[in-house]
Amino acid sequence: MTASDRDLLTKVPAVTLGFWIIKILATTLGETGGDTVSMTMGLGYLAGTGIFLVALIVLVGAQIAARRFHPLLYWATIIASTTAGTTMADFADRSLGIGYAGGSLLLLACVAASLVVWRQVTGSISVETVHTPRAEIFYWITITFSQTLGTALGDWIADDTPLGYEGGALLFGAALALIVLAYYRSAISRVALFWAAFILTRPLGATVGDYLDKPVADGGLAFSRPLATLVLGVAILALLFILPQRAGTHEGATA
C-alpha cells in the first residue's frame with residue numbers, strides 16, 4: 001500500500017457485520033471484566049475506574065499516534081473504554097447515589113454534548129472523518145461516554161424494571177433490529193443510525209454480561225466473572241483473525 005492509499009483510510013474499522021459482532025462481544029466483556037476487578041477482586045468501583053482509565057488514556061494515545069489502522073490496538077482501546085464505562089457508571093450510580101435513572105440521563109446529556117461539540121468543531125460526526133488527531137479525540141470521548149451510558153441504561157432496565165437481565169437483553173436486541181430495519185427501509189441519516197446502534201450495543205452487552213455472572217437467585221447464571229471474561233477475550237481475539245478487518249475510507253476518498 002502506498003502513502004497516498006493510506007491517506008484515504010481512517011484509523012477505525014469499516015462498519016461491517018463483523019464489526020458489530022465483535023462490538024457486542026467487547027461490550028459484554030466490558031461488563032464481566034469491569035465487575036471482575038471491582039467486585040470479584042474487591043478493588044471497588046473507584047480503584048477499578050482509575051485502573052481502566054489509565055489503560056484507556058494510554059491506548060487512545062497509541063491509537064492517535066499510530067499512522068494506520070491496527071485491529072488489535074483499536075479493539076483493545078474499545079475494550080478499555082467499555083470496562084472503564086462499567087466501573088464509572090457503577091461508581092456514579094451506586095457509590096455516589098445518583099441512581100440508574102439519574103446516571104443514565106446525565107450520561108445521555110454528556111453523549112449529546114460531545115456529539116454537538118464534535119460537529120461544531122469538525123463539521124461532521126461521521127466515522128468517515130476519523131483520520132485526524134482532533135477527530136480521533138472527539139471519537140474516543142464520545143465512545144467512552146456512550147459506553148458508560150450503556151452500562152447505566154442496561155443496569156436500570158435489568159435491576160429497576162420487571163424485565164430483568166433476559167428481558168433487558170431482548171429489549172435492546174429488538175431495538176437494534178429496528179435500527180437495522182430503518183437502515184435498509186428508511187431515509188434516516190446513516191450517521192444517526194450508526195451512533196444509535198453503537199450506544200445500544202452497550203446496554204445489550206451489559207444485560208448479557210450480568211445475566212452470565214449474576215447469582216441464580218438474582219436471575220443470572222452464576223458463571224465465574226474471570227472465566228467469562230477470559231472466554232469472551234479469546235472469542236474476540238479469534239474473530240479478529242477470522243472476520244475481515246480493514247480500515248474504513250474517509251470522506252475525502254470519494255473525491
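Student: Which residues lie nearest the centre of the largest pocket?

Tutor: Start with the general idea. Rolling a probe the size of a water molecule over the atoms shows where empty space is left. A pocket is an open set of points on a 1 Å grid over the protein atoms alone, where a 1.4 Å probe fits, with protein on both sides within 12 Å along at least five of seven lines. Lining residues have an atom within 4 Å of a point. Here, 31 residues line the largest pocket, and V15, T16, W20, Y183 and F194 lie nearest its centre.

Student: What kind of model is this?

Tutor: It is a predicted model, where local features need pLDDT of at least 70, side-chain atom pairs count only at pLDDT 80 or more, and totals for chains, interfaces and linings use all residues. Residues are numbered from 1 along each chain as its sequence is written, and side-chain values use heavy atoms, leaving out hydrogens and water.

Student: How much space lies in the largest pocket, and which helix gives the most to its lining?

Tutor: About 820 Å³. That volume is the space filled by probe spheres set on the points, which are joined across faces, edges and corners. Helix 8 gives the most to the lining, with 8 residues. Helices here are DSSP runs (H or I, at least four residues), numbered from the N terminus.

Student: How do the lining residues of the largest pocket divide?

Tutor: Into 21 nonpolar, 7 polar and 3 charged. Ala, Val, Leu, Ile, Met, Phe, Trp, Tyr, Cys and Pro count as nonpolar, Asp, Glu, Lys and Arg as charged, and the others, Gly among them, as polar.

Student: Now the charged pairs. How many salt bridges are there?

Tutor: Side chains of opposite charge can pair when their charged atoms come close. The rule is a side-chain nitrogen of Lys or Arg within 4 Å of a carboxyl oxygen of Asp or Glu. The count comes to 6 salt bridges.

Student: How far apart are the closest N and O atoms of E31 and R202?

Tutor: 3.1 Å. E31 is in helix 2 and R202 in helix 8, 171 residues apart, so this pair links distant parts of the chain.

Student: Which residues are linked in a network of salt bridges?

Tutor: D35, D210, D213, K214 and R225. Within it, K214 meets D210 at 2.9 Å, N to O. D213 meets R225 at 3.8 Å. D213 lies in helix 8 and R225 in helix 9, so the pair ties together parts 12 residues apart in sequence.

Methods. Helix = DSSP H or I, 4+ residues; strand = E, 2+ residues; numbered from the N terminus.
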